[in-house]
Structures are given as C-alpha cells and as structure tokens.
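Dear colleague,

I am passing on the structure you will find below, and I would be grateful if you could look through it alongside the notes that follow.

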Amino acid sequence: MTATPSRSATSMRTHLCGELRTEHAGAIVTVCGWVARRREHGEHLAFVDVRDHAGVVQCVVDNSIDVRSEYVVRISGTVRARPDGTVNPNLSTGEVEIGDATVDVLHAATPPPFPIDERADDVDEGVRLQYRYLDLRRSRMQRNLRVRATVNSAVRRAMEEQGFVEVETPMLVPSTPEGAREFLVPSRKEPGSFYALPQSPQLFKQLLMVAGVDRYYQIARCLRDEDLRADRQYEFMQLDAEMSFVAQDDVLDAISRAVLAAAEAVTGERPPEIERMTWRESMERFGTDKPDLRFGLELVELTDAFAATEFKAFAGAGTIKGICVPGAAAAHGRNQLDKLTDRAKQLGAKGLVWLRVADDGALDSPVAKFLSAAESAAVVERTGAAAGDLVLIVADEWATTCDVLGQLRNDFGRPPVFHGPYRYVWIVDFPMFVGTDDQGRPKPGHHPFTMPHPDDAHLLGRDPMAVRSQAYDLVLNGWELGSGSIRIHDTTLQRQVFAALGIDEAAADRKFGFFLNPFEYGAPPHGGFAFGLDRLVALLAGEENIREVIAFPKTQSGADPMTHSPQPVEPALLDQLGIRMLPRRT
C-alpha cells in the first residue's frame, strides 16, 4: 500500500467516518477527514484514526505512508470487525476498522498549536479563539453547532405550524432608549447623523401587527454594547415573535410550544408543561426573578415571628427571612461562617445571622441567647431545621433580604448546568416600573411599550410604582431565556406611560413618532416575546458559557483574537464619515 496523489471524483466519499458499524463489514468504503492520531503497529503497519464531523474510525495502513496529525486524507478500504480484545467501547465505530486501506493525502497540514481533542478544554480560551477554525474541529464543538442547528430547525417548524410568518427586519435603525447601549453606525451621506444596530426588532414587529401580518417571527440577530459575560455577547440570536388579537396566555402557550419542541428535538424527551409563577411569589420563595427550580432551599418568611423581638438586629427590620441548609452545620466552622457573613455584606445586607442545630435540637449561635424560646421554636418549625442543619437569616428591606438570601441559596445549592432535569418556569406580573432615575422619575421595568396590568392601570398617574405590568419572562434552570409582554396599542395610554417616564409629547414625537403615528390608523391588541437562542442552546448542550455554542464569538473583553478586531481604521475613512478622534476621557 502506498500513498497516491489526490484525485478528483464525482463523489469523494461513500460514508462518513462516524457512520461505520458491524453491519458494514465486508463493504468497500471511502472516507475523508483529518488524521486524529497515528500509531505504529509492528514494522509494516500503522493505525490511523480519521476524523470528520460524524466521528472517528480506525484505518490500517502501510507504515511507510507519511500521514501526520491533521493531514487531510481520503482513505479507501474494506470494513472489517476488529480482532478480539481490540474493541474500543469509547468510539461509536469501536467495533470495526477499515483494512487494506489506500491513502490519498489531500493536504499536508502544519502541526496545530494545540491538540484537536478534549485536551483543548485546558488550553487558554484566547488561544482557542485565535485558532477557532481548529477548535471547531473537536467533537464537542461539532456537537454544539449541530445542537444549535437542531434547535433553530425545531423552533422554525413549531412557529410555522402555528401560523407564524417569517419576516426580516432592518439592521440599520434609529437610536432608541431601550435600556442598553447601542452600536452606532455613522452615515456617510449625512455627516453627523447615525444609524443604530438593533437591540431587538421591537418597534418593527409591532408595526407588522399594524400592517396586518397577524403572526410574525424571526430568528433575529441583535446587538448590544454591554459588558460581556458567560451568558452575554455583543451579537446574539433570538427567536422573536409577535401576535395580534391575543391575551397573555396565548403568547405564553405559543412560545412554550416552540421551546418544548426544541428541547424534545435535542434530548428526545418532551419536558412537562411549563409552570407559571408571579414575580412576587418568585422573589418571596427564591429571592430572584430567575429561579432555579432544580433544588429546594426556599426562603422562609420569619418577619411576624420576630414582631415583638428584643434582638436589636431584628427589631424594626422591614423583612426577615431565612433558609435552611440541610447537613451543613458540621462543615461550617467559625471561619467559614465569618466568610458567609462577609459574603452577605458584600451582597448588600447589613449582616447575617447563622444558627447551627445541635444534636439535641438546641440552636448553636452567638445570637441564640438574644432570642426568646418562642422565637427559636418558630425558626426551627418554619425552616424545618433538624440536627446538623445550618439556618441563615437576613433582616433588612424586603428587596435586599430577598436578593441576598437568593444569592446565598444559589451559592449553596445550585448544581452545574448539565446536572438534573430541565425546569422551565414562566414569571409573570412584573412591576411596571423599577426604581427611579436621577430626577426621581420611574424607570421602566421592561420597556415603555408594555401594557399595564388591567387591575392597576388606574394607578399610573398617582402611584406608578404600585402598577404591575403584563410582562413575562421565561426562565430555564436559573437562566433567563427571554422576555415579552402584551403591548400598548392605544396611543393615549402610550403617551400616559411616556409621561410617567418623564418623556413629554414633543420628545415622544421626536423619538417615536414613526412608531406612534401608524397606531392612529388602527393597531390591534397584540403581544410578543423574544428568547435568546444562544442561551437555550447552551443549556441544552450542557455548556456553562454561550461562547461554546457560537461559531465565532468574542472574548469577555469584546475582542476577536482570530480577526484582531476591533482595530483602528484609516484616517481617510474617518474623514469621509466626518469623524474626528478625541482623547479618551479618564
């Protein structure tokens, strides 16, 4: 057997490497791929593992053939069962090999900067992204890209089966205050004027409802100039949808079908129907509006149990809540408990009360002597604490108490992304406004086009912070997949909301006139939703970071090591655009 020059053919291969099984024994096959590994076998033979996106197959070749790691080859031979004792249970093709193989070297490769296998997981991410085209050859990355394609396909089918129409919306849009920083694009034709890249297709999809499209969807590319992290990139893909003549339940049902279809397509099992929970209940029970339902450690209400307390740290506190961590007492000595207290303070609490339950049921804590017998009994009863358990209590304003305990709950109990079932939950009835800006004006909790809850609309003018909205989030295993709402379709109500936000009529007309004016011609009641496909794919693929399911992502600093972007441009181009560079402000 000798290497022969590469040659063209009508079909270069008969099978994918990962397809071959015992039923192919005796067949003459041709596979193409990259050399994953070469091993000498005696004086005359060598084993060459060839890899493509479907898997790896072992080929027996003449030892004189010069093939090395990552050479691109075409190998022909006869499929045969591996000899006894040489079966590889870790390979899908591990029971067979290609014997009597001839090899065409299609391209002799330079040795790669890191191994193209699972060992690359330990390589610096910057190096992996610099050579992303090599990183993507790995089986893990190939699988992730195909999980992504499967999710996209399943989502499209589910939306089309429900009568949704795919419509593309513009990538060059006006700048709008949607709560995140925008990427601006200078206009060459109108120096000093700018487009923005879309944070979402929000305005356009609502205009499509005015246009009578009725049910719109799009797998849309969106861009936000925000700090990057494990679940955020500058560029991201989302399933975007809008529906006319619907109530909230209709939107939730439609999106649930798409999400569950995607999960079923990837895992082979359809998750149960998605449960629903109000924002208030989620905060009270889990301390967050993104609850991970795979584990317990729920927050327990203790405020009324300490209504008459003489313990100064609890007296007068707005809200007192606790969590019980089963079996954690023995593992938490004083040093660990001091670190927990510091952690609570870093999260915003004034302090943290800890109580260890002794074998006799007594509470071991520096504060135990300040609690009455009734108060101690109430803590044990309500938290369900038993011998060996650790109880953590925070007393503060309601929001702080919930938030701090919610984060401590995750610290103690949250499993890795790839552990446990998929637990979806809809969070509904969000506050219409959250906090105030520097001028004391309410800030929108969702976006300014969200319909107030029908029971609270009368409070817009006199108590806006008490208004609930018809907004909803979809959460999976503690990750927010996306958000949506029933929209305001009446311009009078829309202007009332703008007024509550401090946007006067002139400013509203200037910023949103193109959006509001069409509503005068008859806007149907409508609502929509968008969820991040990157996040959904990452969870279904068992990845902690969305960069692992994006073909060419940016680093956490926003750089692309492969293309060396961002980078300066020629001064002549800046002149054409009417842009002058100024020193960076410090």
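Of the contacts in the protein (heavy atoms within 4.5 Å) that link residues at least 6 apart in sequence, 67% join residues at least 24 apart. Please bear in mind that this is a predicted model, in which local features need pLDDT of at least 70 and side-chain atom pairs count only at pLDDT 80 or more, while totals for chains, interfaces and linings use all residues. Residues are numbered from 1 along each chain as its sequence is written, and side-chain values use heavy atoms, with hydrogens and water left out.

As for the overall dimensions, the C-alpha atoms fill a box of roughly 90 × 75 × 55 Å along the principal axes, and the accessible surface (Shrake-Rupley method, 1.4 Å probe) comes to about 28,400 Å², with 50% of that belonging to carbon and sulfur atoms. Of the 586 residues, 48% are buried, where buried means under 20% relative accessible area, computed with a 1.4 Å probe and protein chains only. The protein carries 65 positive and 83 negative side chains, and the centres of these two sets lie 4 Å apart; Lys and Arg count as positive and Asp and Glu as negative, with His and the chain ends not counted, and each charge is placed at NZ of Lys, CZ of Arg, CG of Asp or CD of Glu.

There are 13 helices and 23 strands, taken as DSSP runs (H or I of at least four residues for helices, E of at least two for strands) and numbered from the N terminus. Strand β14 (residues 319–325) is joined to β17 (residues 390–396) by 7 bridges in the antiparallel sense, and Val394 in β17 is the bridge partner of Lys321, while Ile320 stands opposite Ala395 in β17. On the β13 side, where the antiparallel pairing runs over 2 bridges, Glu301 stands opposite Lys321.

Why is β14 largely enclosed by the rest of the structure? The reason is that 7 of the 7 residues of β14 are buried; Thr319, Lys321, Ile323 and Val325 point one way, and Ile320, Gly322 and Cys324 point the other way.

The other sheet to mention is open and has 8 strands, in the order β7-β10-β11-β23-β22-β21-β18-β12, with mixed pairing. Its edge strands are β7 (165–166) and β12 (275–278), each pairing on one side only. Strands β18 (residues 424–428) and β21 (residues 471–476) run antiparallel and are joined by 5 bridges, with Leu474 in β21 as the bridge partner of Trp426. Helix α4 (residues 202–210) packs on this sheet, touching β10 (215–223), β11 (235–244) and β23 (526–532), and its direction makes about 20° with that of β11; axes are lines fitted to C-alpha atoms, for helices over the stretch in contact, and angles run from 0 to 180 degrees between N-to-C directions.

Finally, Ala263 lies in helix α5 (residues 248–267) and is buried, with a relative accessible area of 0%. Not counting residues up to four places away in sequence, Ala263 touches Gly268, Glu269, Pro271, Tyr424 and Leu540.

With best regards

Terms used:
Buried < 20%, exposed > 50% of the residue type's maximum accessible area, 1.4 Å probe, protein only. Pairing = 2+ DSSP bridges.
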